[in-house]
Amino acid sequence: MSLYQLEREQDIDELVETLRRSENPSIRRRAAEIIGGLFESDDVDESDLTLESETENELGIESEDDDTETHSVVDVLISVVGEDDDEKARAAAIDALDKHSQEALERVVDELSDKELDSAADWVAAKAFADVLDDEQPELRMAAATGLGRVGDRSVTPAIIKRLEDPDPRVRCRSAAACGRIGDPRAVEPLEKRLQNDQNTDVRRDAAEALGEIGNEGAMRVLIDGSEDPNESVRRVVADSLGEFGSVAPVETLVEFLEDDSEAIRRTAMFSLVEILSNAPPQRSHEVREATADKLTSATAGEVVPPLAEILKKSSGTPQRRNAAWLLGRVVGNRHRAPAREALIEALGDDDGMTAQFAATSLARLDDPSLESELLDLVHDTEADESARSKALFVLGKIGGERTRTDLGEFVDQTESDALREQAFSSLSKVGGIGAGETS
C-alpha cells in the first residue's frame with residue numbers, strides 16, 4: 001500500500017511499520033512526516049493514533065501502565081532519532097515528536113542525554129533544553145531548540161540565537177522556527193542574516209517564516225528586502241509571511257510578486273494582500289483597502305481575478321471573503337469578467353450579509369453584458385436563497401435595461417414574497433419602470 005493511501009486511511013500501524021522497516025530513507029522520512037501530520041490534524045481523534053495490541057507486541061515495546069498505545073508511536077520515533085542512519089529521517093522524527101507534545105521532546109532529551117525530565121515543570125524543562133543546546137549530537141541540539149520554542153521563555157532567546165550559527169543546517173532551521181514561536185524582537189537581526197546570507201534554502205525559508213511570526217516593523221522590513229530571493233520556495237514563504245501584517249507597507253512588494261514567474265507565488269501574494277486587508281485595524285481598514293486597490297491597478301486582471309474569485313468561493317474566513325468581494329469590483333478587466341461574475345453571483349447568497357452586499361456592489365461595477373440575464377435567472381429561481389434573489393434585484397436596479405423593466409414589471413405581480421416584491425418595485429423605480437420618479 002502506498003504512503004498516500006496510508007495517510008488517507010490514517011493507518012498508524014502500517015506507517016510505523018514502514019518507518020521501522022523500510023530500507024529507503026526517503027520513504028522512512030515521509031512516513032515520519034505523515035505521522036507528525038496525523039498528530040497535528042484537527043480532523044484526527046487521538047484514539048485513532050494508537051497501535052493495535054499485536055503490533056505493539058511485535059515492536060517489542062513493554063508496557064509499564066495501561067496508557068501505552070500512543071506512547072508506543074513515540075517510542076518508535078525516538079528510536080529513529082537515536083538510531084536511523086539518515087539525517088533527514090532523524091530530523092523528520094524530531095518534527096513529528098514536536099507535533100505530538102512537549103513531553104515527547106523531553107523524552108528525546110531524557111533518553112539521548114544524562115538529563116532526567118520526567119514530567120518536569122516548564123522552567124526545569126527550559127533549563128534542561130538550554131543545557132543541551134551545545135551538545136555534540138546535532139539531534140539533541142535540534143530537539144533542544146524545538147523544545148525551547150515550545151516552552152516560549154524569552155530568557156533563552158540569546159541561547160537560541162547562538163544556534164542560528166550552528167554548523168548543522170537542521171539545527172539552524174529548528175532554531176529559526178523556535179525564534180518565531182518565542183516571538184522575541186531581539187531575534188530579528190540574526191534572522192535577517194540567515195535570510196540574506198545562509199546558503200541553505202531550508203534555513204532561509206524557516207527564517208522568513210519566523211520573521212512573519214515575530215510580526216514587528218523590523219521583521220516586515222527584512223521580509224520586504226528579502227523578496228528577491230533566488231529560490232522560489234523562499235520567495236513564496238516571504239509572500240505568505242507578509243500577509244501577517246495589518247499595514248499597507250507590504251502592499252507594493254506583494255503587487256510586484258503578482259508578476260513572479262511562479263504561479264504559486266502569484267496566488268500566495270494575492271492571498272496575502274487579502275489577509276492584509278483583513279488584519280488592518282478597524283480605524284484604518286478603509287484607508288488600507290483603498291491603497292491596496294490603487295496599487296493593484298498596476299497588475300493585470302489575469303494575475304488578480306482568479307485567486308480573488310477562489311478566495312471568495314472557498315475561503316472559510318469571513319473578513320477574507322468580504323475583502324475579496326470588494327476588490328473584485330475594482331480590478332476586473334474585460335477578459336476576466338466571467339470568473340469574477342460567477343464568484344460574485346454565488347456570493348450574493350453568502351451567510352455573511354456584508355459579504356453579500358459587497359458582492360452586489362461589485363457586480364454593479366462590472367459593466368458585463370451577460371450580467372443582466374444571469375441576475376434575472378436568479379431572481380426567478382424559486383429554489384435559490386431569498387436574500388440572494390433580493391441582492392440580485394438590487395443589482396438589477398443599478399445595471400438593468402429594457403429587459404429588466406419588462407421582466408420585473410411581471411415579477412411584482414407573480415411573486416408571493418412581500419420582501420422580493422418590495423425590492424423589485426425599488427429596482428423598477430431606478431430603471432424607469434413602475435413607480436419611476438417616486439421615492440423608494
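Reader: How many helices and how many strands are there in the protein?

Author: This is a predicted model. The protein has 26 helices and 0 strands.

Reader: Why is Leu-408 called buried?

Author: Buried means under 20% relative accessible area. Leu-408 has 0%, so Leu-408 is buried. Leu-408 sits in helix H25, which runs over residues 402–414.

Reader: What does Leu-408 touch, leaving out residues up to four places away in sequence?

Author: Leu-408 touches Leu-376, Leu-393, Ala-424, Ser-427 and Leu-428. A contact needs heavy atoms within 4.5 Å. As for Arg-421, its C-alpha is 9.1 Å from that of Leu-408, and the two residues are 13 apart in sequence.

Reader: What makes Gln-10 partly exposed?

Author: Partly exposed lies between the two cut-offs, under 20% for buried and over 50% for exposed. Gln-10 has 27% relative accessibility, so Gln-10 counts as partly exposed.

Reader: Where does Gln-10 lie, and what is its phi?

Author: Gln-10 lies in the loop between helix H1 (3–9) and helix H2 (12–21). Its phi is positive, about 55 degrees, although Gln-10 is not a glycine.

Reader: How do you know that Thr-415 is buried?

Author: Look at the relative accessible area. Thr-415 has 10%. The cut-off for buried is under 20%. Therefore Thr-415 is buried. Thr-415 is in a loop, between H25 and helix H26 (418–430).

Reader: Which residues does Thr-415 touch, not counting those up to four places away in sequence?

Author: Thr-415 touches Leu-420 and Arg-421. Ala-143 is another matter: the C-alpha atoms of Thr-415 and Ala-143 are separated by 68 Å. Along the chain these two are 272 residues apart.

Reader: Why does Ser-113 count as buried?

Author: Ser-113 has a relative accessible area of 18%, so Ser-113 is buried. Again, the cut-off is under 20%. Ser-113 belongs to the loop between helix H7 (102–112) and helix H8 (122–131).

Reader: Which residues is Ser-113 in contact with, leaving aside neighbours within four places in sequence?

Author: Ser-113 is in contact with Val-132 and Leu-140. The C-alpha atoms of Ser-113 and Asp-135 are separated by 8.9 Å, and these residues are 22 apart along the chain.

Reader: Which residues have the most contacts inside the largest nonpolar core?

Author: Leu-77 and Leu-191 do. That core has 128 residues. Not counting residues up to four places away in sequence, Leu-77 touches Leu-19, Ala-32, Ile-35, Phe-39, Ala-93, Ala-96 and Leu-97.

Reader: What share of the 440 residues of the protein counts as buried?

Author: The share is 52%. The accessible surface comes to about 20900 Å², and 40% of that belongs to carbon and sulfur atoms.

Reader: What share of contacts between residues at least 6 apart in sequence joins residues at least 24 apart?

Author: For the protein, that share is 62%.

Reader: How many positive and negative side chains does the protein have?

Author: There are 50 positive and 98 negative side chains. The centres of the two sets lie 7 Å apart.

Note on methods. Residues are numbered from 1 along each chain as its sequence is written. This is a predicted model: local features need pLDDT of at least 70, side-chain atom pairs count only at pLDDT 80 or more; totals for chains, interfaces and linings use all residues. Side-chain values use heavy atoms; hydrogens and water are left out. Helices (H or I, at least four residues) and strands (E, at least two) are DSSP runs, numbered from the N terminus. Buried means under 20% relative accessible area, exposed over 50%, partly exposed in between (1.4 Å probe, protein chains only). Accessible areas come from the Shrake-Rupley method with a 1.4 Å probe; for residues, only the protein chains shown count as cover. Lys and Arg count as positive and Asp and Glu as negative; His and the chain ends are not counted. The place of a charge is taken as NZ of Lys, CZ of Arg, CG of Asp or CD of Glu. A nonpolar core is a set of buried Ala, Val, Leu, Ile, Met, Phe, Trp, Tyr and Cys residues joined through side-chain atoms within 4.5 Å.
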